[in-house]
Amino acid sequence: LPITSTDGGYDDLVYIDISLRRDLDLGVSQVRGRTMVDWQSVAGVTNIVEFSTTMPPLWQELTNVVGTGEVMTYTEQASADSARIYRVGLKY
């Protein structure tokens, strides 16, 4: 646990608020042999598109863009060479 003192009382704990957004509506499709990832972006925040080919996931960044609040699309330049899972992270 992260603490600010070696005594380890409740007042020394570091509290972090983590929340998950489930409203990004991530979609993945194949168009002409290329993978397209689209999602409902979050305006004014860096939206990071990542993929993994392993389980547990080892995430690799594909791109990052500042969201507009509209649906955004990322198209891979080459055909994905293996099965991939995708996610969109937000950098606040």
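Reply: Of the chain's 92 residues, 25% count as buried, where buried means under 20% relative accessible area with a 1.4 Å probe, counting protein chains only. This is a predicted model, in which local features need pLDDT of at least 70, side-chain atom pairs count only at pLDDT 80 or more, and totals for chains, interfaces and linings use all residues. Residues are numbered from 1 along each chain as its sequence is written, and side-chain values use heavy atoms, leaving out hydrogens and water.

The chain has zero helices and six strands; helices (H or I, at least four residues) and strands (E, at least two) are DSSP runs, numbered from the N terminus.

Now to the sheet itself. Three strands form an open sheet in the order β1-β2-β5, and their pairing is antiparallel; two strands pair if DSSP finds at least two bridges between them. β1 (27–31) and β5 (71–75) stand at the edges with a single partner strand each, so one side of each has no neighbour in the sheet. From one strand to the next, the twist averages 25°, taken between N-to-C directions on a scale from 0 to 180 degrees, with axes as lines fitted to C-alpha atoms.

Let's zoom in on one pairing. Strand β2 (residues 34–40) runs antiparallel to β5 and is joined to it by five bridges. Here aspartate 38 stands opposite threonine 73 in β5.

Stepping back to contacts (heavy atoms within 4.5 Å), among those in the chain with a separation of 6 or more, 53% come from residues 24 or more positions apart.

Methods. Buried < 20%, exposed > 50% of the residue type's maximum accessible area, 1.4 Å probe, protein only.
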